[in-house]
Every structure is written in structure tokens, then in C-alpha cells.
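Here's a quick briefing to read alongside the model. Keep the 3D view open while you go through it.

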Amino acid sequence: MTFNDIFKSSFLEKASGFAAMDFVLAMVLAFAMGLFIFWVYKKTFNGVMYSASFGVSLMAMTMITALVILAVTSNVVLSLGMVGALSIVRFRTAIKEPMDIAFLFWAIAVGIVLGAGLIPLAVFGSLAIGAVLWIFVNRRISDHPYIMIINCLDRKAEVQVTEQIKGAVKKYMLKSKTVSNAGIEMTFEVRLKGESSEFVNEVSETEGVEHAVLVSYNGDYMS
């Protein structure tokens, strides 16, 4: 193959036949929709540690997916090769928050739809998904669960503390109990009757109680 044969190959023909306007429009829309997904993720995040880099990766994933779909839809042979190339990609990063999976699929889906040229579907679909997440993730839960950790010195204090908790909260459940020579440690999941937590002070002042701790709990609800 000579140098002239390289320039006569179909590679340059594909490059000259590329629609630059479609690329620019798809990338601008992908950036805008990715920015919207990032904004919804930031406003609805209720986890422990907020990651700004994950939000930026949502924008990048939307644009990258749209770019891949643009290439796939332009050539059937390329689409078959792309399937084989992407099949070897493996992601090892652990997803700590369940909602992060939804945002990842959202970004990928928007990139696919934009790359396919279905702009109204991407826009109105994203608005609908964002509204649903905004309503259900940010809604206030009146029956919020808490975890209460109590250290008692003896069995008498344990019984007295249990009775105090039973009368002071709406609902309670013993999650764990550790007995040692130093005393008894109990962990309760409790539902408060109101916003007041004054009963924690009363429990800590009970004879035989070393200390009592009340913390917010984001785990599973008890039945």
C-alpha cells in the first residue's frame, strides 16, 4: 500500500461525510441535559458524603454516550464493532448509594436518546424524571427513625430504661444487646412522638445509666 492509497481509502470519505452540525447540536444538548441531571442530583442528595466528582461524571457520561450513539448510527459496520469493543469494559467502582444507580442509568439513557436524534423525548422525559425525583426524594417523613444507644451498669437499670423508652416514644424496637463485665449496651430503633428529644436527658439521668446517645438513622424502616 502506497502513500496515495492511504488517502484514497474510505477513511477520508467517512470523515468528509460527517455532519458537523449534528455533532455540535447533540453535544450542546447532551451538556445541557447532563447539567440538569447534575442539578437534580445535587438538590435531591440525601446520603452521607456528597461527591461533586460524581455529579460532574454524570454530565460527562451523558455527552460520551451521545457521542458513541452518533458514531454507531452513522455506520452499521461500526456499530457491530462498537458492541464488541464496549463489551470488554468493566467498572469496579462500588456504588454506595442506591439512588446513584438511577442517576447513572438516567444519564446513559439521555445520551442514547439524544444520539438517536429523539430530542423531544430526551427533554420531556428528563423533566418528568426530575420532577418525580424532586417530589419523592425531598418529601418530608413525619415518622423519622432514630437509633438510640444506651449503656447500663446492671439488669435493674436495663428494665427501667426499657420502660422509659416504651412510654416516651411512638414505637421502638431492640436492634442489638451486648452484655459484658463492664455492663449492658442496648441499641434501639425508635420513632419519636414529636420533635422533642427531652426523654433522652431523662434516660441519661436514670440511676445505673452511664450515657445515652440518640442519632438519626437512614436505614430500613421497621414494620
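The notes below cover salt bridges, a surface patch and a pair of packed helices.

This is a predicted model, in which local features need pLDDT of at least 70, side-chain atom pairs count only at pLDDT 80 or more, and totals for chains, interfaces and linings use all residues. Residues are numbered from 1 along each chain as its sequence is written, and side-chain values use heavy atoms, with hydrogens and water left out.

**Salt bridges**

- Side chains of opposite charge can pair when their charged atoms come close.
- A search of the whole structure turns up 3 salt bridges (a side-chain nitrogen of Lys or Arg within 4 Å of a carboxyl oxygen of Asp or Glu).
- Arg155 and Glu158 pair up at 3.3 Å, N to O, and they sit 3 residues apart in helix H8 (residues 155–168), so about one helical turn separates them. Helices (H or I, at least four residues) and strands (E, at least two) are DSSP runs, numbered from the N terminus.
- Arg155 is exposed at 54% relative accessible area, while Glu158 is buried at 7%. Buried means under 20% relative accessible area, exposed means over 50%, and partly exposed is in between (1.4 Å probe, protein chains only).
- Glu158 also meets Lys177 in a salt bridge of 2.6 Å, N to O. Glu158 is in H8 and Lys177 in strand S2 (residues 169–180), so this pair ties together parts 19 residues apart in sequence.
- Glu189 forms a salt bridge with Lys175, with the closest N and O atoms 3.3 Å apart. That pair links distant parts of the chain, 14 residues apart: Glu189 in strand S3 (residues 183–192) and Lys175 in S2.
- Glu189 is buried at 0% relative accessibility, whereas Lys175 is partly exposed at 40%.

**Nonpolar surface patch**

- Trp39, Val132, Trp134, Ile135 and Phe136 make up a nonpolar patch on the surface, with about 540 Å² of accessible area together. Patch residues have over 30% relative accessible area and no salt bridge, and nonpolar side chains (Val, Leu, Ile, Met, Phe, Trp, Tyr) are joined within 5 Å.
- Helix H7 (residues 119–137) gives the largest share, 4 residues.
- Trp39 lies in helix H3 (residues 20–44) and is partly exposed at 43%.

**Packed helices**

- H3 and helix H6 (residues 98–115) pack at about 165 degrees, with their axes 10 Å apart.
- H3 and H6 are therefore roughly antiparallel to each other (angles over 145 degrees count as such).

Key:
Patch = residues over 30% accessible without salt bridge, like charges linked within 9 Å, V, L, I, M, F, W, Y side chains within 5 Å. Areas by Shrake-Rupley, 256 points an atom, 1.4 Å probe, with all protein chains shown as cover. Axes fitted to C-alpha atoms, helices over the stretch in contact; angles between N-to-C directions. Parallel < 35°, antiparallel > 145°, perpendicular 65-115°, else oblique.
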